[in-house]
Amino acid sequence: MNLISLNSVHLKYGVHPLLEGVELYIHKDDRLAIVGRNGSGKTSLMKIIAGIIPADKGLVERARQTTVAYLPQEVPVDLHGSVYSVVASGLGKKGTLLGRYHELLPKIEGDHSVEEQKAFDHVLHLLDETGAWADEPLVSETIERLELNGDSDVSRLSAGLKRRVLLGKGLVGNPDVLILDEPTNHLDLDSVIWLENFLKNCGKTLVFVSHDRAFLQSLATRVVEVDRGRLVSFDCDYRTFTERREEFYRVEEQQQALFDKKLAQEEVWIRQGIKARRTRNEGRVRALEKLRSVRRERRSRVGQVNLNVQDAELSGQKVMDVAGVTAGFDGRVLINDFSTTIYRGDKIGIIGRNGVGKTTLLNILLGKYKPDKGTVEHGTSLQIAYFDQLRRQLDPKSRLCDIVGEGNDFVTVNGQKRNIIGYLQDFLFSPEQIRGEVSMLSGGERNRLLLAMLFTKPANVLVLDEPTNDLDAETLELLESTLVDFDGTILLVSHDRTFLNNIVTGVFCFEEGGHIVELVGGYDDWERYRKQQEAKTANDVTVAATKPEKKLSVTVKREKFTNRERAELENIPSKIDGLEKEQGDLVEKLADPDFLKSDPEKVKAAQRRLSEIETEHEQLFERWSFLEERQKQLEG
């Protein structure tokens, strides 16, 4: 059964067409994911489905009595009142009355004024008159299902809980279709998993946009991609969609190549002269005009972002040595007696709920904050690049070219001078955007701009605080690939489970009381450890009923000899052999009188290279010794 149908729908934003004659049918019990590049029109499409904005042309139809609730991407800044009153407001006037009754009731039960009694009596009268009492159990049930406290002040809740309250506001009216725009944005991992399970079991038809690949895979039963003004629908889960999409675009490219070949042949024919204009060939001329028209209207796929981290000289073996760090805020302990050593090449994910202290830990590690106790010692030759989730480095009034170029027309990337416009076009910014202000960019585009800034600086340590927010799936995968290939050290805060699993080699996981557990692996390893601890705790409670209480202490060791270190150790002898051969060749060349009499610049270059080889040779032997000793310690 079709609940909502879009027929030949068109929409333009300024001069740019977002949707061009699209068709879409939303069936009962669909869990429909809408995907596409940043700026492709996903949010506009959802607003048309929700009836918030009209289409320029075309027909949007709903089945009789079909109701829709829409959860926007951004949490309103003016959200206030109790959780109960905000959730109840989803019922309209009746809900507003129930919210007012809920706010007045505690006052009436205590000392209260005559005016308050009059107001309460008036609300009771209106509740009876409108029959709103019948909806009161629905509000309480919704709040209970969402695991919220109805008396809490919404303005004091975290962003994740505010999103949950807004979800309740949408659900309380029992809509047939629930439309969610980036519902996982800025949620911590526990909240994302809770939301995922709730939506799976809520029994609603869902239409949603998300860039969280694990969320998409778990929830979506259908995927629709917004691409160049059209919709391409796939009846499958997200993982299957990514496989089918590649085949779809491969076939499309083949068809376009055949079309272009035919057009080129016809263009050659029309230029042959008068024979092409004879009456008997007029049909072929008209066909050529049609081919030209089709080619003019074809929209090319948006290119891929070009991501490259600038190489910096290697840091020392030890990047950071953390000893007994304790830190708190406003009487609350955020980090409790944390010690660790971060080595060159480590890629560490930092996991924990919102507000638990992840960004505080990053700032302490970077030396921006001083801990209450303990020390952080930095290794040698560190060149750190920092990605700030709040984008404080971006002045909304500044132009993109001025921010990245710092007033210059060129940037130097990996030793090559690049024009600032060409460099930013690699990050999919148009010339108009490059000369425009930051304030005109979407959230995903601002994140891309921050990455563009980040990668103009040579770095051997990348510190990334929520880099995945608002990025589309294709840019996410490219960033992921870039970070996997990065030879330096990475400290990463992210709530994207797939991103963490694919990049990090170890995790720092926040637990209660500011304790931080270190584990080898990614998010899945943390989830397994957590389930083991929960099972162990349950078992301990059972044992405690028959045995005296015994204090348990669990220590988890993160360090192991990684596959990457093993491969590096195996490759060092061949690298040393190569350096020694190059060294021998240079010594022989510098002993040749004819070479010494030749170009003085070549002689200097050879002498410089000989000096570099000696340094590299020494570093390789030092690394070899270090890895062998480390392997011996960790593997016995």
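Is Arg 222 buried or exposed? Arg 222 is buried, its relative accessible area being 8%, where buried means under 20% relative accessible area, exposed over 50% and partly exposed in between, with a 1.4 Å probe and protein chains only.

## The model as a whole

Welcome to a predicted model, in which local features need pLDDT of at least 70 and side-chain atom pairs count only at pLDDT 80 or more, while totals for chains, interfaces and linings use all residues. Residues are numbered from 1 along each chain as its sequence is written, and side-chain values use heavy atoms, with hydrogens and water left out.

The protein chain has 21 helices and 20 strands. These elements are DSSP runs numbered from the N terminus, with helices being H or I of at least four residues and strands E of at least two. Of its 636 residues, 45% count as buried. Among contacts with a separation of 6 or more, 68% come from residues 24 or more positions apart; contact here means heavy atoms within 4.5 Å.

Let us turn to one of the sheets. Strands β11, β10 and β13 make an open, antiparallel sheet in the order β11-β10-β13, and two strands count as paired if DSSP finds at least two bridges between them. Because β11 (332–343) and β13 (373–378) are at the edges with a single partner strand each, one side of each has no neighbour in the sheet. On average, neighbouring strands here are turned by 15 degrees against each other, direction ignored. For such values, axes are lines fitted to C-alpha atoms, for helices over the stretch in contact, and angles run from 0 to 180 degrees between N-to-C directions.

Five bridges join β10 (residues 318–329) to β13 in the antiparallel sense. Helix α11 (residues 358–365) lies across β10, β11 and β13, and runs at about 50 degrees to β11.

## Two helices side by side

Helices α3 (residues 93–109) and α4 (residues 114–130) pack at about 145 degrees, and their axes are 9 Å apart. Their crossing is left-handed, a term for a near helix turned anticlockwise from the far one by less than a right angle, with clockwise giving right-handed.

On the α3 side the contact includes Leu 97, Leu 98, Tyr 101, Leu 104 and Leu 105, and on the α4 side Phe 120, Val 123, Leu 124 and Leu 127 are among the residues. The contact of α3 with α4 divides into twelve nonpolar, two polar and four charged residues. In this grouping Ala, Val, Leu, Ile, Met, Phe, Trp, Tyr, Cys and Pro are nonpolar, Asp, Glu, Lys and Arg are charged, and the others, Gly among them, are polar.

## Salt bridges

The structure holds 17 salt bridges, each a side-chain nitrogen of Lys or Arg within 4 Å of a carboxyl oxygen of Asp or Glu. Arg 222, from the opening question, forms one with Asp 235, the closest N and O atoms being 3.3 Å apart. This pair links distant parts of the chain, 13 residues apart: Arg 222 is in strand β8 (residues 222–227), and Asp 235 is in the loop between β9 (230–234) and α9 (238–270). Asp 235 counts as exposed at 60% relative accessibility, while Arg 222 is buried.

In helix α19 (residues 563–590), Asp 585 and Lys 581 are four residues apart, so about one helical turn separates them. Their side chains meet in a salt bridge of 3.5 Å, N to O. Asp 585 is partly exposed at 41%, and Lys 581 is exposed at 58%. Asp 29 also forms a salt bridge with Lys 28, with the closest N and O atoms 3.7 Å apart; Lys 28 is partly exposed at 49% relative accessibility. Elsewhere, a network of salt bridges links Glu 582, Arg 609, Glu 612 and Glu 616.

## A buried isoleucine

Ile 503 lies in helix α17 (residues 497–503) and counts as buried at 5% relative accessibility. Leaving aside neighbours within four places in sequence, Ile 503 is in contact with Lys 347, Glu 480, Leu 483, Val 484 and Leu 492.

## Two positive phi angles

Most residues other than glycine have a negative phi. Asn 174 has a positive phi of about 55 degrees although it is not a glycine, and is found in the loop between α6 (159–171) and β6 (177–181). Ser 381, also not a glycine, has a positive phi of about 60 degrees. Ser 381 sits in the loop between β13 and β14 (384–387) and is partly exposed at 36% relative accessibility.
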